[in-house]
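This briefing is meant to be read beside the sequence and the model shown below. Its points are grouped by topic, so that each can be checked against the structure in turn.

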Amino acid sequence: MASSVISPCFSTVARRRISSSLPIVPSQSQSHPSSFATRNSPFVSIKASNAERIQEAFGSDPSSTPASASSSQVQTGFVYDLATINVPAPLSITLCNFSILFFCNSIWIWRGYRIRYQYAGTAGPALVLIHGFGANSDHWRKNIPFLAASNSVYAIDLIGYGYSDKPNPRELGGSFYTFDTWADQLNSFCSEVVGDRAFFICNSIGGLVGLQAAVTDPSICKGIVLLDISLRMLHIKKQPWYGRPFIKSFQSLLRNTPVGKLFFNAVATSDSVKSILCQCYHDTSAVTDELVQIILQPGLDPGAADVFLEFICYSDGPLPEELLPKVECPVLVAWGEKDPWEPVELGRAYADFKAVEDFIVLPNVGHCPQDEAPDLVNPIVESFVRRHN
């Protein structure tokens, strides 16, 4: 079925709580000051020291907002509690001489399925943000407003996740929830919705999606930022030969008996989600009730359990080390120093691939740096995009 876009914009996002730096977009009556991104020099040293990179991104101490930033450029600590309203996109409103950029939700029809995405910004290069396992585009809520100040930003819910459709894999036959499927979804999204080449900004398994998409069609991707890409340690190739039959048996148990649904029901609770997030976030203060609900609520939709079980039983497909040698565009890898799931010591090996121009360690950060430390991630993304646009 041909793909199409419906509902160009049906709402802003309600109750967006921005605790990191939030870019303020000048209203039309104001002159456009230098943005945070353009005031700072790009990363000029490839694979330089971490301290140098962080200082280049921030122009000062990485733990603080640059002192030279004017109030018309960056504000910190704002809390916005916005009612959902129907607006054309893009929308900006002026409050006390500040113009705030809204980002909007929309639905795209792909292969007959409804795919939810968010977008903001109307100028600059296109960025597509790709979430990790069990997450959705709301996991980028602290990044979209900042990046949209100078880019056209899109964040997509991969099919099976978030508020995109969740077709039952048992009814589709064969393997559906694979990186090939998601890569095709991503490339089709860029062709039909973005309408331009794009940078892929990816977290966790989203990194495999971005790499697979770039390998499948090199003409679409301009560059990739990998944030704590999944190492896929449960991949069948990474298991000893004698353990592989047991893995297959366990996967069959989860797929084909009530054990799988019981396992999912135990995980899909507020307490369990919070506990899991507190494992992968080094700064557990970032694990708010809002974040818990962002992750949990779409997981309660019909079909979510089947998708969950299908993916945790997906132990084949590509590995990052198999895709990186085939990538033709530049790649930047950033890694949370305190990631308990994907240890940075193992991630460092990716710095040796030709396509990887830099490997940045993010101090005292866990598995989801875009949400836990947007003040570190956003300038790094901006600098990479400027360098290659």
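Helices here are DSSP runs of H or I with at least four residues, strands are DSSP runs of E with at least two, and both are numbered from the N terminus. Counted in this way, the protein has 15 helices and 13 strands. The model is a predicted one, and the values below are computed from it.

**Overall build**

- Of the 389 residues in the protein, 57% are buried, and the protein exposes about 16100 Å², of which carbon and sulfur atoms supply 55%.
- When contacts between residues at least 6 apart in sequence are considered, 76% of them join residues that are at least 24 apart.

**Nonpolar cores**

- In soluble globular proteins, nonpolar side chains tend to be buried together.
- The largest nonpolar core in this model has 57 residues, and V128, W182, F189, F200, I224 and V331 are those with the most contacts inside it.
- Helix α5, which spans residues 179–194, gives the most to this core, with eight residues.
- V331, one of the residues with the most contacts inside the largest core, touches I224, L226, L324, A355, V356, E357, D358 and F384 when residues up to four places away in sequence are not counted.

**The largest pocket**

- The largest pocket has a volume of about 1400 Å³ and is lined by 47 residues, of which F133, F308, F311, I312 and W341 lie nearest its centre.
- By residue type, the lining of the largest pocket divides into 29 nonpolar, 15 polar and three charged residues.
- At least two lining residues are supplied by each of α7 (244–256), α8 (258–267), α9 (270–280), α10 (289–296) and α11 (304–312), and the largest share, five residues, comes from α11.

- S270 lies in helix α9 and counts as partly exposed because its relative accessibility is 34%.
- Leaving out residues up to four places away in sequence, S270 touches V292, Q293 and L296; the C-alpha atoms of S270 and Q293, which are 23 residues apart along the chain, are separated by 7.4 Å.
- S272 is also found in helix α9, and its relative accessible area of 21% makes it partly exposed, given that buried means under 20%.
- With neighbours within four places in sequence left aside, S272 is in contact with A266 and V267, while its C-alpha atom is separated by 9.4 Å from that of V292, 20 residues apart along the chain.

**Q370 in helix α14**

- Q370 is found in helix α14, where its relative accessibility of 0% means that it counts as buried.
- Residues up to four places away in sequence aside, Q370 touches H139, W140, K142, N143, N203, L227 and V377.
- Of these contacts, W140 is 230 residues apart from Q370 along the chain, and the C-alpha atoms of the two are separated by 6.8 Å.

- R111, found in the loop between β6 (104–110) and β7 (113–120), has a phi near 55°, a positive value in a residue other than glycine.
- At 40% relative accessibility, R111 counts as partly exposed.
- N364, which lies in the loop between β13 (356–362) and α14 (369–372), likewise has a positive phi of about 55° although it is not a glycine.
- At 45% relative accessibility, N364 counts as partly exposed.

Notes. Residues are numbered from 1 along each chain as its sequence is written. This is a predicted model: local features need pLDDT of at least 70, side-chain atom pairs count only at pLDDT 80 or more; totals for chains, interfaces and linings use all residues. Side-chain values use heavy atoms; hydrogens and water are left out. On a 1 Å grid over the protein atoms alone, a cavity is a set of points where a 1.4 Å probe fits but cannot get out, and a pocket is an open set with protein on both sides within 12 Å along at least five of seven lines; lining residues have an atom within 4 Å of a point. Grid points are joined across faces, edges and corners, and a volume is the space filled by probe spheres set on the points. Ala, Val, Leu, Ile, Met, Phe, Trp, Tyr, Cys and Pro count as nonpolar, Asp, Glu, Lys and Arg as charged, and the others, Gly among them, as polar. A nonpolar core is a set of buried Ala, Val, Leu, Ile, Met, Phe, Trp, Tyr and Cys residues joined through side-chain atoms within 4.5 Å. Buried means under 20% relative accessible area, exposed over 50%, partly exposed in between (1.4 Å probe, protein chains only). Contact means heavy atoms within 4.5 Å. Accessible areas come from the Shrake-Rupley method with a 1.4 Å probe; for residues, only the protein chains shown count as cover.
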